[in-house]
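Me: I would like to learn how to read pockets, cores and salt bridges in a model. Please take me through them one at a time.

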Amino acid sequence: MKYIEWFESHGKKHAKIMEKLKNLSDDEVIKYFRFENMVKEEPDFCPLYKDNKKCHDYEELNCYLCACPNFRFDDNGVRKQEEKTLYSYCSIDSKDGSQYKGEDYIHQNCSGCIVPHKEKYIKKHFSRDWFEIMKDVILSK
C-alpha cells in the first residue's frame, strides 16, 4: 500500500469517529482516543487492536495522532540518499526515530518515537480535522 492510500483511508476513519464525538469537548475527544478505550470502542481503527497490541511501547499511548504531523513522505521518492531512494523522513529528526534501509530504498521508522502519542503534544497541536493537523506530511501535491 502506498503512503497516500493509507493516509487518505486513515483520515476518513478518523473523520467518521470525530463525527460521532462532535458533542464532546476537546479534552473528552482526546481522552476517547486513549489506546485502552479505542481497542474497546473502535476495533477497526487499527489492525493491531484485534490483538490488543500497541504500535509503540508507551503506557499512556494516545491514538489521536496515529500518524505523526512531523512525518514527511512522497510515494515517488523525496530524493536520492546513499544511492537509494528516500521515501519518507522525520521533519524534526527525532532522536528516537530511525531509518529502515533496503536494497534500493529508505523509509522512516517511527516505531521508537512516541512524540505524537503524548496527550500534551496532542493538546498543543489539536484540531478536530485530522487532515488539517497533517497538512504538511505529503510532499508531492
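Me: Which residues line the second largest pocket?

Reply: First, the ground rules. This is a predicted model, where local features need pLDDT of at least 70, side-chain atom pairs count only at pLDDT 80 or more, and totals for chains, interfaces and linings use all residues. Residues are numbered from 1 along each chain as its sequence is written, and side-chain values use heavy atoms, with hydrogens and water left out.
Now the idea. On a 1 Å grid over the protein atoms alone, a pocket is an open set of points where a 1.4 Å probe fits, with protein on both sides within 12 Å along at least five of seven lines; lining residues have an atom within 4 Å of a point. Here the lining is K13, K16, I17, K20, E41, E42, P43, D44 and F45.

Me: Which element gives the most to that lining?

Reply: Elements are DSSP runs numbered from the N terminus: helices (H or I) need at least four residues, strands (E) at least two. For the second largest pocket, α1 gives the most, with four residues.

Me: How does the lining of the second largest pocket divide by class?

Reply: Ala, Val, Leu, Ile, Met, Phe, Trp, Tyr, Cys and Pro count as nonpolar; Asp, Glu, Lys and Arg as charged; the others, Gly among them, as polar. This lining has six charged residues, three nonpolar and no polar.

Me: What lines the largest pocket?

Reply: There are 39 lining residues, and W6, H56, C66, A67 and C110 lie nearest the centre. α1, β1 and β6 (105-109) each give two or more residues to this lining. The largest share, five residues, comes from α1. By class, the lining has 26 nonpolar, ten polar and three charged residues.

Me: Next, the core. Which members of the largest nonpolar core touch the most other members?

Reply: A nonpolar core is a set of buried Ala, Val, Leu, Ile, Met, Phe, Trp, Tyr and Cys residues joined through side-chain atoms within 4.5 Å. Buried means under 20% relative accessible area, exposed over 50%, partly exposed in between (1.4 Å probe, protein chains only). The largest core has 30 residues, and F33, M38, F45, Y49 and Y64 touch the most other members. Elements that give two or more residues to this core include α1 (3-20), α2 (26-32) and α3 (35-41).

Me: What does F33 touch?

Reply: Contact means heavy atoms within 4.5 Å. Leaving out residues up to four places away in sequence, F33 touches H14, I17, M18, L21, M38, F45, N62, C63 and Y64.

Me: How many salt bridges are there?

Reply: Side chains of opposite charge can pair when their charged atoms come close. The rule asks for a side-chain nitrogen of Lys or Arg within 4 Å of a carboxyl oxygen of Asp or Glu. The count comes to eleven.

Me: What does the bridge between R128 and D26 tie together?

Reply: The N to O distance for R128 and D26 is 2.9 Å. R128 lies in the loop between α4 and α5 and D26 in helix α2, so the pair ties together parts 102 residues apart in sequence. R128 is partly exposed at 33%, and D26 is partly exposed at 37%.

Me: Where do the partners K123 and D27 lie?

Reply: This salt bridge is 3.9 Å, N to O. K123 is in helix α4 and D27 in helix α2, so parts 96 residues apart in sequence are tied together. K123 is partly exposed, at 47% relative accessibility.
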